[in-house]
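Here is a walk through one protein model. It starts with a single residue, widens to the whole chain, and then returns to a second residue.

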Amino acid sequence: MKRNFCRGALVPIVIAAMLMASMAFAPQDESKPPHLRAAQGPGANKSARGSSAADKLSMPLKVHYRQFADTRGSRADEPEFSEQELSNLFGIEGQEKNPSIEVAFKIDGSADPAALEKAGAKIRLRAGDMIYASVPVLALQRVAQQPAVTSIKPMMGARIPTPPKDKAIPQMMRETRETRGENMAGEFDRQRLTGKGVVVAIIDTGIDWSHQDFVNADGTSRILYLYDLFDPSWTSSSGRIGTQPPLVDKNNKPIGTVYTKAQINAALKGQGTVASKDVVGHGTACAGTAAGNGRATAKGVLPGTYKGIAPEADLIIVKAEDGKGGISSLGYYTVEWILATAKSVGKPAVINMSFGSHFSSHEGDAPQERMLDTFVGPGKPGAVIAVSAGNEGRESFHAGGTFGPDRPGQADNFSNGIELFVTGSKGTFITSYFSAGDDWGLAIVGRDTFFVDPTGSPVVFYLSRVGEDIGGKLSKPAKAPQNFSQYFKEQVEVDSVGDKTHEVTIWLPKGSYDIYGFGASPKVPSGRFDLYIPQTHSGSFGKGNEAKFMVGSPGNSANVITVGAYDFRSSWTNVEGSQTFYNMKVGTISNYSSPGFRRDNLVKPEIAAPATYTISPLSKDSAEMGRNSDGTPNKANITDDGFHLAWQGTSASAPYTAGVIALILQKNPTLDAVQVKEILKKTAIRDDLTGATPNVYWGYGKLNPPAAIRETPAPAGPPRRKAQ
């Protein structure tokens, strides 16, 4: 039977067939890995609801535990912390076989402190659903077996931020003239405020307590207390030197030494001993920026020329520097002692922290950030904390992207590729953060010696989470890692950060990689993901790196005031009597200032303040600040009197802001941290250089000290009596 076909109906069919054929033979996007379903290599699975003791330990603690418990010795194919990292991150000194580290337990309501103590924890603080404690490394698993403990994370220490290198070699000219730049940092209307009656506390590398900027005209010290966490004088002298410190170790032995004002006064007269020194110089510079009085001078330089913002404030100093370039996590515990001490003498306090780290989600939920939020905030008058945003604005330790759901027709199921270069000899940790509402995946493609097959060709490692199921799969069998199941179990961790975020921690050895995010099911309402290299010195991102979400911890704490940096001084008279010049456009953001916001888009930093260049006291014991790389004096940056130093960094802008806060608290000591923050935000300068605010570099704008002081309300007086 002859059939008649309608020509109009045939055309669409033919076109459709041609399209299908063209799609079948069209070149695929070679830059992205094949779909997970094409994987032919080994796989492994685990549940997000892991209940074993090991499941409760964060990845750094798992590595830490294995490093001390494993007798097999170090292997090239597994992570290990260096001696310096053990000191900086965990506060471990020497060759201890079972050292104690500071951790934070997340607990449920049934937690029994006595049971935790019996398991080996020395509890220091309890705040909400968190318990902060010191635990011997080899007791970590025993403590994690307690049913009330749901997770354990380390209280990470931080590295002292290295002041950024100069933008260019400075010019030094014999002619002398006025300092150039924006109105100098100290030249604003203080409205007769000096910081008197306010405590400025600095947690840092210590202080040159004999520097005259911290001594009154009558020869007495302006330092109420100096607590050196690493000075054993109190114990070694059987109590003859210093005063008993507030913190103790696991054996209830004192940690460090406290020196009182009376003891410092005696040492200034040569009649006593204060063994603490600031051999870095960072803490001395921070203290002087906030509250130096400028009395140290010579060569005809007028006293007060280089004074700080609050020259009559009292000082409490905590030396938390570990001797290896790190700030101990014990420093966070001293916040409670500082605030209690200030309250005991009837004075408000502002605390400065010019340090940070990146083992966090950058959402304000690191253990130390949650701790600080319990110390300052709404309804807690006279207690404020200023934190530096960080000096990593020019580095590439953060990357990110977006991906679509896994469903028919979705062209962007995979994100764009991100290049990763791991340069650390022992590899590095990579952390990644996803929305908890997504079913997400991460694909890592090896390019060198890891995640490669026996021929050296790339292998794709797929990690995915769908609901509570976590899966790992290789695209094909790999030469490295040799035992994928063990690698997946020990060196890949998926955890929840609060209710909104999933955290992934993966250790990768030295080499080059490409990384992609992808949707693991049709359930992808967000598709955003972020990658970090917490040990910023151990690697970098190439293509795909992003200059945002880079504020360090504890600067993402909601209740602290986080400060960025801008350029404001381009010349000064140096120690040789000539001028040092830098070619800069004053009033612009400093290119090293770490950009925000938080990952959840809370504005961080809130403000930017003068930093480049700040002139502050120079510690006589400093082997770093004020020195060139060869150890010789940095004559270009040491000022004409020989007692001060020009330097830069958000480490300088934060104490500048702390000094302004001291003036605000002098005017109204009843304000809490949130009220002070609102004043700074409301009065911030917005100009052509800041652009529209808030933005990731400036926050709400430039700090405006005189306007902030004027905006500060007088404290409310006592209630009036009603007429009888």
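Two residues are in contact when heavy atoms lie within 4.5 Å. By that rule, and leaving aside neighbours within four places in sequence, isoleucine 444 is in contact with Phe451, Val459, Val460, Phe461, Ile506, Leu508, Tyr513, Asp514 and Ile515. Isoleucine 444 sits in strand β18, residues 440-446. Helices (H or I, at least four residues) and strands (E, at least two) are DSSP runs, numbered from the N terminus. Is isoleucine 444 buried or exposed? Its relative accessible area is 2%, so isoleucine 444 is buried. Buried means under 20% relative accessible area, exposed over 50%, and partly exposed in between, with a 1.4 Å probe and protein chains only.

A word on the basis of these values. This is a predicted model, in which local features need pLDDT of at least 70 and side-chain atom pairs count only at pLDDT 80 or more, while totals for chains, interfaces and linings use all residues. Residues are numbered from 1 along each chain as its sequence is written, and side-chain values use heavy atoms, with hydrogens and water left out.

Now the whole protein. Its secondary structure comes to 15 helices and 31 strands. Of its 724 residues, 57% count as buried. Take the contacts with a separation of 6 or more: residues 24 or more positions apart account for 78% of them. The C-alpha atoms fill a box of roughly 120 × 75 × 60 Å along the principal axes.

Next, lysine 604. Its place is in the loop between β28 (579-581) and β29 (607-612). Lysine 604 is buried, because its relative accessible area is 0%. What does its side chain make a polar contact with? One partner is the side chain of threonine 562, at 3.1 Å. The side chain of glutamate 606 is joined to that of lysine 604 by a polar contact of 2.8 Å. A polar contact is a pair of N or O atoms within 3.5 Å; within protein, one must be able to donate a hydrogen and the other to accept it, and residues adjacent in sequence count only if both atoms are side-chain atoms. Beyond four places in sequence, the contacts of lysine 604 include Val551, Gly555, Asn556, Phe597, Arg598, Lys677 and Val696.
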